[in-house]
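Please look through the model shown below before reading the report that follows it. The text moves from the whole chains to single residues.

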Protein chains: 2
Amino acid sequence: MKAEILCVGTELLLGDIVNTNAQFLAKELADLGIFVYYQSVVGDNSDKLKKSLEIAFSRADLVITTGGLGPTKDDLTKEVAANYFNKELILDEKSLNKIKEYFECQKRKMVEGNKKQAYFPKGSIILPNDWGTAPGCIIEENKKTLILLPGPPREMTNMFKYYVIPYLNKYQDGVLISKVLRICGIGESHMEDIISDIIKNQINPTIAPYAKQGEVTLRITARANSKEEAENIIAPIKNEIYSRLSEYIYGEGDTSLEEEVAKLLINKKLTIATAESCTGGLIASKLINYPGVSSVFMEGMVTYSNESKMKRLNVKKETLQKYGAVSEETAIEMAMGIAKEVGTNIGLSVTGIAGPGGASEEKPVGLVFIGLYINGKIKTKKLNLKGSRDRIRNITAIRALDFLRKEILENTIH
Amino acid sequence: MKAEILCVGTELLLGDIVNTNAQFLAKELADLGIFVYYQSVVGDNSDKLKKSLEIAFSRADLVITTGGLGPTKDDLTKEVAANYFNKELILDEKSLNKIKEYFECQKRKMVEGNKKQAYFPKGSIILPNDWGTAPGCIIEENKKTLILLPGPPREMTNMFKYYVIPYLNKYQDGVLISKVLRICGIGESHMEDIISDIIKNQINPTIAPYAKQGEVTLRITARANSKEEAENIIAPIKNEIYSRLSEYIYGEGDTSLEEEVAKLLINKKLTIATAESCTGGLIASKLINYPGVSSVFMEGMVTYSNESKMKRLNVKKETLQKYGAVSEETAIEMAMGIAKEVGTNIGLSVTGIAGPGGASEEKPVGLVFIGLYINGKIKTKKLNLKGSRDRIRNITAIRALDFLRKEILENTIH
């Protein structure tokens with residue numbers, strides 16, 4: 001079965017928001033083994049939306065839309081869908097009551113436009129919205145299936161998980177199984193070069209590399225009649241990739257670098273404290289996104305000023321004067337200082353120039369030092385990064401966590 | 001002139017990455033006054049890409065693609081474009097030399113596939129890539145213009161700014177001017193209700209509200225022959241919206257809540273220190289993303305454990321025992337404690353239950369207390385949030401900064 005994703009909203013056409021809905025649906029459909037060959041975006045315009053539906057149904061059996069189910073006059077996806085399938089819109093009392101209850105529960109006032117949200121093309125399967133006011137629906141007609149979902153991501157993703165997946169399961173024949181390898185510390189093209197002979201001429205599984213800020217991902221996808229068969233197709237390729245890139249692979253599947261680092265700290269019972277300058281709390285904040293990290297993450301300090309580096313971390317005044325705040329020496333004293341002050345196994349520090357100001361000829365924007373203290377040992381890393389302030393700070397946080405990950409693996413196993 | 005955005009990449013179809021390129025281009029084209037009615041995504045597949053080009057050019061005069069200019073065999077956008085326009089691919093020596101230099105400068109090895117990146121459809125205008133290895137190009141034929149840009153966002157956005165905008169300026173007739181109002185602390189539908197009579201029946205300017213995590217944005221867009229004329233159309237509507245929503249509007253245009261708060265602190269010479277529990281450094285990290293904040297942001301502490309709350313912030317043991325770590329009382333002591341310890345005008349604290357664990361019947365996931373100390377006064381705010389750990393932490397950080405913003409405006413002006 002072929003599917004298409006059609007996202008409706010002038011805010012998408014104007015670039016006011018990023019289309020995370022398309023990504024979510026694409027990933028979910030891929031996991032269900034339903035092929036998506038096209039995604040489209042169209043504005044809140046009846047004619048253009050109808051034409052988009054025509055094009056989509058000329059290429060696919062299933063079309064999933066997001067957006068245009070809200071209470072305002074701009075919201076017209078249901079109206080256009082009803083027109084496309086030549087059906088009238090009928091009031092669903094159950095949905096209307098649910099919308100009324102929603103507003104009562106939220107202690108908010110229901111507006112006139114919300115009533116419109118309880119009307120659906122005749123014969124639709126109604127998809128309740130337990131997370132907002134806009135119910136969705138499924139219209140089946142002449143082997144065409146149209147699923148209408150609301151635009152707000154939290155509502156859309158929950159409705160998809162709870163109501164659309166059970167519905168779509170009946171369409172699955174064959175499976176598409178993917179394994180995602182998560183990689184850090186190597187560039188995309190360098191990585192591709194190392195495994196180019198593996199990627200070359202691969203049809204099943206396919207191997208797709210892609211880069212995002214500070215990381216590279218490799219998706220190995222196999223098509224087969226069963227999950228087991230697909231996994232057997234993937235296994236030998238995955239093993240070969242591991243044998244060449246293992247030092248860079250930090251995890252598989254739905255994980256993140258911070259999650260892997262947090263798990264490693266918890267498993268090895270290593271306590272940690274962070275001392276951040278240019279990243280300003282980003283490393284602590286990433287680690288704390290992993291629930292349960294509280295058993296190992298003791299404390300974080302954002303020591304942005306020289307005073308706070310001296311007062312909180314015991315960085316020596318002479319070190320700051322002689323080498324500067326952005327130096328290997330300062331990074332070392334910060335890491336040792338925070339570990340000693342808090343009494344942890346690990347002290348992780350970062351000091352750098354995120355720009356746009358603060359640079360000199362010797363110390364350009366993007367110069368960063370990471371200091372790492374682990375049970376008496378000190379390691380440092382120097383980075384020369386490029387890009388915006390935001391990018392430099394983000395990549396620094398990622399590289400610091402990856403540095404920590406590798407050092408834990410190398411230093412504490414034996 | 002009508003334009004379309006066509007993003008090429010199987011990683012987009014599979015949902016591996018979010019399509020930020022489409023958003024960037026949409027926003028830039030809107031600012032240039034070039035209308036975009038459709039965006040599409042297609043995979044790395046010759047036939048489907050060619051069909052997508054045909055559909056796009058049946059609706060638009062200008063098509064901009066992203067992706068498929070890389071060194072691998074998957075990258076075939078130039079090949080398909082050459083085929084679509086019936087042109088051969090020609091080696092551009094200048095581009096080849098530039099790619100060679102790029103690799104030398106980066107001390108990386110050039111691979112065979114990179115040579116392919118120096119071939120272009122005959123007669124193309126070549127767009128240099130000063131940020132990576134994939135040059136782009138512009139093909140003009142029979143009143144159709146096709147602009148090919150690479151997929152990596154940093155390369156694509158820079159090439160667009162430096163080479164495509166000057167090229168596109170010649171196509172501008174009339175302007176489309178937008179003013180974006182940034183709003184926090186009110187829900188989208190409540191906001192729409194307050195200004196529904198203004199939004200109703202508006203054609204020029206159009207008023208488009210949309211919600212993102214923790215914020216709402218209102219875009220007022222006018223079409224006119226000149227910038228001045230467009231601004232005169234927008235002004236009265238904008239003033240009317242301000243008169244009704246001013247307490248919620250934190251800024252206009254390309255700004256962010258943290259930027260506005262940082263500027264406010266700097267202008268009013270108010271120093272600040274933060275003490276964060278569940279947000280774990282997110283508030284500090286947001287503030288520090290504004291360059292120049294160092295004159296007012298003194299220090300941040302991530303006091304995740306009870307011990308650190310007592311040791312660093314002088315939160316009383318009895319307070320933690322009697323009211324718990326997540327309580328108004330603890331938030332107050334944290335805010336006062338950090339301000340006193342660091343010696344700042346302002347102490348901002350957060351303590352809450354981000355979940356999924358740690359909740360009780362009395363204290364559910366999403367319960368958060370914000371404490372704010374400003375020059376001797378104490379204010380607090382209680383939040384009851386819903387959603388994932390990530391969402392609760394993010395919204396808490398946003399609401400804390402907005403709370404700070406309003407209190408500064410209310411407390412220190414007079």
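Predicted model: local features only at pLDDT ≥ 70, side-chain atom pairs only at ≥ 80, totals over all residues.

Helices (H or I, at least four residues) and strands (E, at least two) are DSSP runs, numbered from the N terminus.

Residues are numbered from 1 along each chain as its sequence is written, chains are lettered from A and ligands numbered from 1 in the order in which they are written, and side-chain values use heavy atoms, with hydrogens and water left out.

**Chains and domains**

A rotation of 180 degrees, with 0.0 Å of shift along its axis, superposes chain B on chain A with an RMSD of 0.1 Å, where the copies are superposed by least squares on the C-alpha atoms of residues with pLDDT of at least 70 in both. The two copies are thus related as by a two-fold rotation axis. The same surface serves both copies, since 100% of the contact residues of chain B recur in chain A; contact means heavy atoms within 4.5 Å.

Within chain A, the domain assignment gives domain 1 (2-171), domain 2 (175-252) and domain 3 (257-412), with bounds that come from an automatic or database domain assignment. The C-alpha centres of domain 1 and domain 3 of chain A lie 45 Å apart.

**A pocket**

Which residues lie nearest the centre of the second largest pocket? They are Asp44(A), Lys73(A), Asp74(A), Thr206(B) and Ile207(B), in a lining of 39 residues. A pocket is here an open set of points on a 1 Å grid over the protein atoms alone, where a 1.4 Å probe fits and protein lies on both sides within 12 Å along at least five of seven lines, and lining residues have an atom within 4 Å of a point. The largest share of this lining, four residues, comes from β10(B).

Most residues other than glycine have a negative phi, and most peptide bonds are trans. The table lists sites in both chains that depart from this pattern.

| Site | Backbone value |
|---|---|
| Gly355(A) to Pro356(A) | cis, omega near -5 degrees |
| Gly355(B) to Pro356(B) | cis, omega about 0 degrees |
| Asn142(A) | positive phi, about 50 degrees |
| Asn142(B) | positive phi, near 50 degrees |

Pro356(A) is in the loop between β15 (346-352) and β16 (367-374) of chain A. Asn142(A) sits in the loop between β7 (136-141) and β8 (144-149) of chain A, and it counts as exposed because its relative accessibility is 69%. Asn142(B) likewise counts as exposed, at 67%. Buried means under 20% relative accessible area, exposed over 50%, and partly exposed in between (1.4 Å probe, protein chains only).

**Two residues of chain B**

Is Thr303(B) buried or exposed? Thr303(B) counts as buried because its relative accessibility is 0%, and its place is in the loop between β14 (297-302) and α13 (306-313) of chain B. Leaving aside neighbours within four places in sequence, Thr303(B) is in contact with residues including Glu276(B), Ser277(B), Arg312(B) and Met334(B).

Tyr323(B), in helix α14 (residues 317-323) of chain B, counts as partly exposed because its relative accessibility is 34%. With neighbours within four places in sequence left aside, Tyr323(B) is in contact with Glu318(B), Glu329(B) and Lys363(B).
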